Amino acid sequence: MKRIVVIGALATALAAALPAVAATPVFKGTVGPGFTISMVSKPKVAGLTKIVINDKANNHNFHLTGPGVNVKTSVSAIGTKAFIVRLKKGTYKFVCDPHLFMKGSFTIR
């Protein structure tokens, strides 16, 4: 019984001493159908970020570039693709490579 109390006290002390770990923020984007590309909401803060793209067309892709980031979905693929990226201060652009008029951007300050 004494061991259980000591282990429980130790676990409580460790939990209090360790900083809280924030969950990785998730931002969603969509490309297609038709000639559309967008992000539901756009990141504003630097750090580790998960970008989830819903690619709804086999003639488009979602290509994200910016400081230290260059990720994209396949033009022929349809489905959901997730990327974990480390965003830094600067401007990020997303575009459909076959249709360069389909584009957007966001800025990390």
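This report covers the fold, strand pairing, core and aromatic pairs of a predicted model.

**Basis and confidence**

Residue numbers start from 1 along each chain as its sequence is written. Local features need pLDDT of at least 70, side-chain atom pairs count only at pLDDT 80 or more, and totals for chains, interfaces and linings use all residues, while side-chain values rest on heavy atoms, with hydrogens and water left out.

pLDDT is the predictor's confidence in each residue, on a scale from 0 to 100. The protein chain averages 88, and 81% of its residues score at least 70. Residues 13-18 fall below 50. Beyond near neighbours in sequence, that stretch has zero contacts in the model. A contact here means heavy atoms within 4.5 Å.

**Overall fold**

The protein chain holds one helix and eight strands. Along the sequence they follow the pattern α-β-β-β-β-β-β-β-β. Both element types are DSSP runs numbered from the N terminus: helices are H or I with at least four residues, strands are E with at least two.

Of the 109 residues, 33% count as buried. Buried means under 20% relative accessible area, exposed means over 50%, and partly exposed lies in between, with a 1.4 Å probe and protein chains only. Among contacts with a separation of 6 or more, 55% come from residues 24 or more positions apart.

**Strand pairing**

Strands of a sheet pair through backbone hydrogen bonds, either parallel or antiparallel. Two strands are taken as paired if DSSP finds at least two bridges between them.

An open sheet of four strands runs in the order β5-β4-β7-β8, with antiparallel pairing. β5 and β8 stand at the edges with a single partner strand each, so one side of each lacks a neighbour in the sheet. The twist averages 15° from one strand to the next.

| Strands | Bridges | Direction | Opposite residues |
|---|---|---|---|
| β4 and β5 | four | antiparallel | Thr65 and Asn70 |
| β1 and β3 | six | parallel | Val31 and Asp55 |
| β1 and β2 | three | antiparallel | Gly29 and Met39 |

β1 and β2 form a hairpin with five residues between them. Gly32 in the turn has a positive phi of about 80°. A cis peptide bond joins Gly32 to Pro33, with omega about -10°. Pro33 sits in the loop between β1 and β2.

**The core**

A nonpolar core is a set of buried Ala, Val, Leu, Ile, Met, Phe, Trp, Tyr and Cys residues joined through side-chain atoms within 4.5 Å. The largest one has 19 residues. Phe62, Leu64 and Phe106 have the most contacts inside it. Strands that each supply at least two core residues include β1 (26-31), β3 (47-55), β6 (79-87) and β8 (99-108).

Leaving aside neighbours within four places in sequence, Phe106 contacts Met39, Lys42, Pro43, Leu64, Leu87, Gly90, Thr91, Tyr92 and Phe94.

Thr49 lies in strand β3. Its relative accessibility is 1%, so Thr49 counts as buried. With the neighbours within four places set aside, its contacts include Thr24, Pro25, Phe27, Phe83 and Leu87. Thr49 and Phe27 are 22 residues apart in sequence and 7.7 Å apart in space, C-alpha to C-alpha.

**Aromatic pairs**

Rings of Phe, Tyr and Trp (its six-membered ring) pair if their centres lie within 6.5 Å; planes under 30 degrees apart count as stacked, over 60 as edge-to-face and the rest as tilted. The count comes to three aromatic pairs.

Phe35 and Phe101 form a tilted pair, 5.7 Å centre to centre with 40° between the planes. Phe35 is in the loop between β1 and β2, and Phe101 is in strand β8, 66 residues apart. Both are exposed.

Tyr92 and Phe106 form a stacked pair, 5.4 Å centre to centre with 10° between the planes. Tyr92 is in strand β7 and Phe106 in strand β8, 14 residues apart. Both are buried.

His99 also lies in strand β8. At 18% relative accessibility, His99 counts as buried. Not counting residues up to four places away, His99 touches Phe35, Asn59 and His60.

Definitions and conventions
Axes are lines fitted to C-alpha atoms, for helices over the stretch in contact, and angles run from 0 to 180 degrees between N-to-C directions.
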